[in-house]
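Please look at the structure first.

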Amino acid sequence: MMIQKTKWAIQSKLGNSTDIEKIVAYLEQQHIPYEMIEVIPFSDDLPVLVEDQENVIFYGSTTLIKNVYAAQKWKPGVWFNPSSYEFKNVLKGYGKENLLNGDSEVITVKELLSRDYPSDEILFVRPAADMKEFTGAAMEFQEIKKWDGFKSSKGPFSFKTKVQVATPKNIEAEYRTVVVDKQVITSSQYRRNNRFNCRDEVPQSIIDYASEMAQLYQPSEVFTLDVCELTNGTLKIVETNTFNASGFYWADYYKIIESVTNFSYDNF
C-alpha cells in the first residue's frame with residue numbers, strides 16, 4: 001500500500017492571519033498539499049476535509065486541537081496529549097530549578113478568588129494546562145478578583161479550571177523555539193523588557209539551553225518551548241506549547257514546514 005503524502009489542514013479566520021499567510025506561502029513553495037478548513041468556536045464538531053486521508057497535520061485554534069486529538073482519526077493529526085502539558089508533568093520533566101515558575105502553586109480559580117492575599121500583592125497567574133483558557137499575566141490581587149479576562153477566555157473555562165499561581169519574575173527577554181524530535185530547528189525572540197519585540201536573531205546561548213532542555217523532557221515529539229533570560233542573566237523555561245496551535249513570530253517558516261512535514265511522513 002502506498003503511503004499517502006502528508007497534507008496540512010489550516011483553520012481559516014484565525015486571530016493572527018500573518019501566521020496563516022506565511023504557512024500557506026511556504027506550503028505552496030514546497031509543493032505540499034493543504035486545505036483550508038472552518039472551525040466553529042467551542043463546538044465539538046470535527047473538521048470536514050475534502051479528501052479524508054489519514055496523514056494530516058492540523059493547525060489552528062485550541063478548539064480544533066482538542067477535537068482532532070479526541071477523534072484519534074488522523075496521524076499525526078496534532079501532537080498533543082493533555083496530561084503531558086500539565087504543570088505537574090512539566091515540573092517533573094524539567095525540574096523545578098529549570099522552570100521560570102517552578103515555585104507555582106496549582107489551585108482552582110475558585111480557590112484563588114477566595115484567598116485573602118493583600119489587595120496590592122502582585123501574583124503571576126496562568127492556566128495549569130495547555131488549553132490557553134486565558135493569557136498568563138502578573139497583576140495585583142485586587143485586579144485579579146475583578147479581572148474580566150476570566151470572562152473572555154479562549155476556551156472552556158470555569159471556577160473549577162486549574163491555574164498556576166507564582167511570584168512575578170524580572171525577565172529581560174523571551175524566546176520561542178520549535179522542537180522536532182528533541183532538536184531545536186528554529187527560534188525567534190518575541191518579547192524584550194516586557195514589550196512585544198520580534199527578532200530572528202537569537203543568541204546561541206538560548207538555542208543551546210533550549211536544546212539541552214529538549215533532551216530532558218518533551219511533552220510531544222513536536223512542540224514549542226519558550227525560554228527566557230532573567231535580568232541577572234539566568235536562563236529558564238517559560239512554558240511548553242502545542243505546536244499545532246502556536247504562533248512562530250520571526251522563526252524560519254521554511255524550516256518549520258520542511259522539518260515537521262518530513263517528520264510526519266517518516267513516522268506515518
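In which sense do S8 and S11 pair, and over how many bridges? S8 and S11 pair in the antiparallel sense over 9 bridges. Strands (E, at least two residues) and helices (H or I, at least four residues) are DSSP runs, numbered from the N terminus, and two strands pair if DSSP finds at least two bridges between them.

The model is predicted: local features need pLDDT of at least 70, side-chain atom pairs count only at pLDDT 80 or more, and totals for chains, interfaces and linings use all residues. Residues are numbered from 1 along each chain as its sequence is written, and side-chain values use heavy atoms, with hydrogens and water left out.

S11 also pairs with S12, in the antiparallel sense. The two form a hairpin with 4 residues between them, and Gly 233 in the turn has a positive phi of about 95°.

| Pair | Sense | Bridges |
|---|---|---|
| S8 and S11 | antiparallel | 9 bridges |
| S11 and S12 | antiparallel | 7 bridges |
| S5 and S7 | antiparallel | 4 bridges |

Helix H7 covers residues 204-216. Its buried residues are Ile 206, Tyr 209, Ala 210, Met 213 and Ala 214. Seen down the axis of H7, they fall within an arc of 140° (taken from the directions from the axis to the C-beta atoms), so they line one face of the helix.

Conventions:
The expected span of a helix is 1.5 Å times one less than its number of residues. Buried means under 20% relative accessible area, exposed over 50%, partly exposed in between (1.4 Å probe, protein chains only).
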